[in-house]
Protein chains: 4
Amino acid sequence: MVKIGVIGYGYWGPNLVRNFMECERAKVVAVSDGSADRLALAGRRAPGAKLIRSGFDLIHDPEIDAVVIATPVPTHFELAAEALRCGKHVFVEKPLAASAEQARRLVDLAEKHRRVLMAGHVFVYAGAVRKISELIEAGDLGKLLYYDSVRINLGLFQSGLDVMWDLAVHDLAILDHIWKSTPVAVSATGMKHFAGQPEDIAYLTVYYSDNSIAHVHVNWLAPMKIRRTLIGGSRKMVVYDDVEGAEKVKVYDKGVSIAESPEALYQMRVNYRAGDMFAPLLDNQEALRGEALEFIDSIEHGRKPLTDGESGLRVVELLEAATQSLKNRGGVIDLGVGADKFLGYIPQHIGTAV
Amino acid sequence: MVKIGVIGYGYWGPNLVRNFMECERAKVVAVSDGSADRLALAGRRAPGAKLIRSGFDLIHDPEIDAVVIATPVPTHFELAAEALRCGKHVFVEKPLAASAEQARRLVDLAEKHRRVLMAGHVFVYAGAVRKISELIEAGDLGKLLYYDSVRINLGLFQSGLDVMWDLAVHDLAILDHIWKSTPVAVSATGMKHFAGQPEDIAYLTVYYSDNSIAHVHVNWLAPMKIRRTLIGGSRKMVVYDDVEGAEKVKVYDKGVSIAESPEALYQMRVNYRAGDMFAPLLDNQEALRGEALEFIDSIEHGRKPLTDGESGLRVVELLEAATQSLKNRGGVIDLGVGADKFLGYIPQHIGTAV
Amino acid sequence: MVKIGVIGYGYWGPNLVRNFMECERAKVVAVSDGSADRLALAGRRAPGAKLIRSGFDLIHDPEIDAVVIATPVPTHFELAAEALRCGKHVFVEKPLAASAEQARRLVDLAEKHRRVLMAGHVFVYAGAVRKISELIEAGDLGKLLYYDSVRINLGLFQSGLDVMWDLAVHDLAILDHIWKSTPVAVSATGMKHFAGQPEDIAYLTVYYSDNSIAHVHVNWLAPMKIRRTLIGGSRKMVVYDDVEGAEKVKVYDKGVSIAESPEALYQMRVNYRAGDMFAPLLDNQEALRGEALEFIDSIEHGRKPLTDGESGLRVVELLEAATQSLKNRGGVIDLGVGADKFLGYIPQHIGTAV
Amino acid sequence: MVKIGVIGYGYWGPNLVRNFMECERAKVVAVSDGSADRLALAGRRAPGAKLIRSGFDLIHDPEIDAVVIATPVPTHFELAAEALRCGKHVFVEKPLAASAEQARRLVDLAEKHRRVLMAGHVFVYAGAVRKISELIEAGDLGKLLYYDSVRINLGLFQSGLDVMWDLAVHDLAILDHIWKSTPVAVSATGMKHFAGQPEDIAYLTVYYSDNSIAHVHVNWLAPMKIRRTLIGGSRKMVVYDDVEGAEKVKVYDKGVSIAESPEALYQMRVNYRAGDMFAPLLDNQEALRGEALEFIDSIEHGRKPLTDGESGLRVVELLEAATQSLKNRGGVIDLGVGADKFLGYIPQHIGTAV
């Protein structure tokens, strides 16, 4: 039985408490939050858990084996570092930390203290993403060409970080899990509309070593909630609409290929293949339940979780590079993985491989 | 009665022929196309019209008052210039020409020969765009913040021009009509997947003199057709979904404003206003009918059409700048309207105006 | 070349004229309508066709081989009968006639004069219905259990007939084509809201000899257009949404079966099978084009069309029975195909066959 | 503080336990379920609550003030009657009981023991239904013409009662709350597909004293979940789609009216009014939270809840009549409220009132 303390009972903390309460091999023994009202609510929902005002006091409670951190991003590092130093296993909501430097130090601390460090990349545990990942692994989509995501709604994140740290983080976490090649460069443009506030609209582009591209539109000023991702492959294409109740993932047997014209070699014609659409049955277990079970299981087996500290670090590195590009009017940020890998945005001729 | 000849009976030409046939004050007297099969089809649909293989022969037919050009973009200039020189009024499908230089010369020729030159910016005549334009004119949306459009489908344009010239041209034409300020810079990134073919995916950003921004995603490799535009204003926001059968335009009474915190002046809080949604009744006349009527009416009254040669030129200038940026890995192209107008991508503090 | 005259250029006539003009093996030589304005419009769209005020004059024109009737239902019989007596082939918009008696006489006249008599059951030629028909023929759906259709919109039919004759006729025509068993009884309830007008809302139920059931909701007072049909089979289920732009037909690999409980024979458990969804590619040829080609081909080959006079008669018989039930507060009308076939509304135990 | 015991921790019980735990003025002190596994799960989610196998033991626990019953329908009566006899306040999931006779006895017991008896008509507390109720109260819809609901999904109710008792109960509860006139007759048709199981598809019609009509399609064999209700009024019309994430309620400013023809008195023309659509902002509090608060508040103030025992009884009476009609092949069941009120299914001429 893993004894868990949850720090932060604001927007997301209640979901974490509820899911860890459901796990047979875990027990939520303490909840902390700076607000007395939030703690009272936690008390009604999790009777028996200790209610603690200070996250640091919770960390120092010797009964606790593992700490779950769901506080504003700027506080992630101090809390997680202290918990690791105290020998606790640590789960941190995404993004793992407010800078790559902080994230790197958390990874090192977890290594040094031999504790589990997990990033709360919740979409990796969603049935839809797991199905897409399977399709890619099985080669069903062919060569991956592009990932295009729109993730917008009305509502700001109040921690002082820009909209990419709130919303694009989900896409970067999904890409870290499903995409097959290495990001080599990032660019981002955006706008800020409120003095003293960060960018509320942004367009982020990630360039990959295989010449595929990912583009993410995030926006806090959108009148409706849209969560739609297109994945283009040379064989099939996927539309993943997370706002849909049923049929979140649609796989289109449509594509494009180059036909060698019989008339002349130099004349190239592009042909379209229109085909059926298929919406696979998805596992409808709540993603957060899978995530909670993964954390517990990693602790029990002393292994790294699927979304370990390193994945959290890689995502924060991309966010940091994107913010740098944003301040630089969209200038491309080279991720330093070797210029020889970055062949420009023009991919090789893939027509013959289709 | 305006006597019309239509050059090009491929994808779009039949719609133009049909709509001009419907006009009481016009008559389609000739159709030309290089393909005998297409001409035979035109003959069945427009009995009595002369069927001509060469567009230049059609232009030289003295019975014809006005020429409608619906051929591949690279041929627009030669045909339109010849028609103007022959004293015909000219309607050219969008984009007006394959370069700003060509477009400028057509504008000059129309001026010199005192003939109507009209660009086929069909969406400007659609009920949805007309309603959005009215809402903006009436100030209902408040200050315009952003325009974000996704215009994607499976299917290439075979003229050798990139995807922006095929799809983003619609958004640029709409923006030319509805947006209140001047474009000052453009950037674009994209990808090409087929050797010898132009970019098939692109992301285009236009920066305006009032610090608003327009972003357009165009894509020929998308498995489904999406035509969705978001317009963010400081008072209201619009979602325009052209694939919807009913309720194409939704106006959201939602917004964001800065609340002066009572606690401290330096602490800024952003408040959300959630409200009702409203879908105005739209005029459901076919956009092309409005466009055809505008051409006829301009000729009869010797006036400039709503989408005149100058608007066609402005749109081609933006496309040309975007293609230049695309070749330059997204570098921002200054449109040369005066650096003093271009204050950077960070808008002024608009919060207090909300 | 079949020379065609079209009678009636109101709501539907223009679509028929346009489609017959497109056929290579037909020619629209005359159009008639009682309204001078409508005839003038027909003249602009079909230059060269004779424009005739009286349908009877058109019928008597010796140049015409085949007559297409798109007039109000109460006039169908007189026009079609006269055309058959004059030796013309006849296509009649649905419903074939205003009573079963009239429909039967038309079938007899066509037989006697050896002419083609075709009912304009246009949905039978739609890609969606053809695909559903294939799935049923191939046994993919298993035993058919129910057909449930909602076909509603704002807008009345002005001929004095109730809403079923306007809208349910489509479902009865589809059922006549795809359903495998014989209708044995009909009931219908409805409401009328305007003095002197017929029922504007109705619920129609058809009972079949294999104990399957069809239910159709038709309504002229609905604020939105809905065209959604569910077809339940013992193996798979279909949702056909004709308002959808893409993916009109969805096939669900979901079902229900009886599991023999291991504990006790008398304890029955129902199990659900949830599975993937599949949206087959549909032929997107306009249904009316298929219908026009079928009429021409039947004439040229001297054969019965797919939707022949007999199918038109069967549909009218059901409409007539439904109207009779409507007047009788929903009382079940026995169709007289033999009481032994009508086993009551309770079907046989189908569980074991699943 | 009201001390609550919840009987039944199957499908719906967990939602009730969670919502009562959230209420500040209530405390869930005991949960009972016949299954040890379900009780263990209840223990993890509601630490500190007594876990009891027998519902009767829970009822007899003197600490408990109020009993919430979420067990199979056939057990409702015995549990609720015992609880009332023991002086407990009682909340019973819908339908209140398995027969009108049972429901009437519960109403009498509550009266006799002066305890709150509440029916779990949860939709009455949903933001969407509350908004529709306000629109009707304010007269915005004009005279109510029809209510048409489709409430279908894949999945059976295992208590031996037919599909109407599982699904149509929601519509009858909504109608009991919002509709302005008295039901005078009921008819229902349906089908059963599994030996030993009740009807799994049904069509239920309720006739009202003002000649309005309600029609409900319920189905356990549908491949997708649909929850769509149309409400037609003489001024405006409502579409309520409960599966929609946003904009569940749409109000259409569309209608029909009779225009007195200037030509002749006896010639009647029906005119359509097409107008804007409006989607009001809804209160998004979970319906169950409102329901739980209503129960607590009724107990504290010794008043009848909005959905009291009488409303539960009226709904069960309609279900019972519908089941009787179902067994009688759709024969109309007169509800005995006076034949003089039931003017037949043909409403008065409402045109002039529009």
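In this predicted model, the axes of helix α4 (residues 76-85) of chain B and helix α5 (residues 100-113) of chain B come within 9 Å and cross at roughly 10°. Axes are lines fitted to C-alpha atoms, for helices over the stretch in contact, with angles from 0 to 180 degrees between N-to-C directions. α4(B) is therefore roughly parallel to α5(B), a label for angles under 35 degrees. Helices (H or I, at least four residues) and strands (E, at least two) are DSSP runs, numbered from the N terminus. Phe77(B), Ala80(B), Ala81(B), Leu84(B) and Arg85(B) of α4(B) meet residues of α5(B), including Leu106(B) and Leu109(B); residues are in contact if their C-beta atoms, placed from the backbone, lie within 7 Å. Ala, Val, Leu, Ile, Met, Phe, Trp, Tyr, Cys and Pro count as nonpolar, Asp, Glu, Lys and Arg as charged, and the others, Gly among them, as polar.

Between chains A and B, 46 residues of chain A are in contact with 46 residues of chain B. On the chain A side, β11(A) gives the largest share, six residues. That side holds 29 nonpolar, 13 polar and four charged residues.

Phe278(B) has Phe278(D) as its bridge partner.

Residues are numbered from 1 along each chain as its sequence is written, and chains are lettered from A and ligands numbered from 1 in the order written. Local features need pLDDT of at least 70 and side-chain atom pairs count only at pLDDT 80 or more, while totals for chains, interfaces and linings use all residues.

Terms used
Two strands pair if DSSP finds at least two bridges between them. Angles under 35 degrees count as roughly parallel, over 145 as roughly antiparallel, 65 to 115 as roughly perpendicular and the rest as oblique. Two residues are in contact if their C-beta atoms, placed from the backbone, lie within 7 Å.
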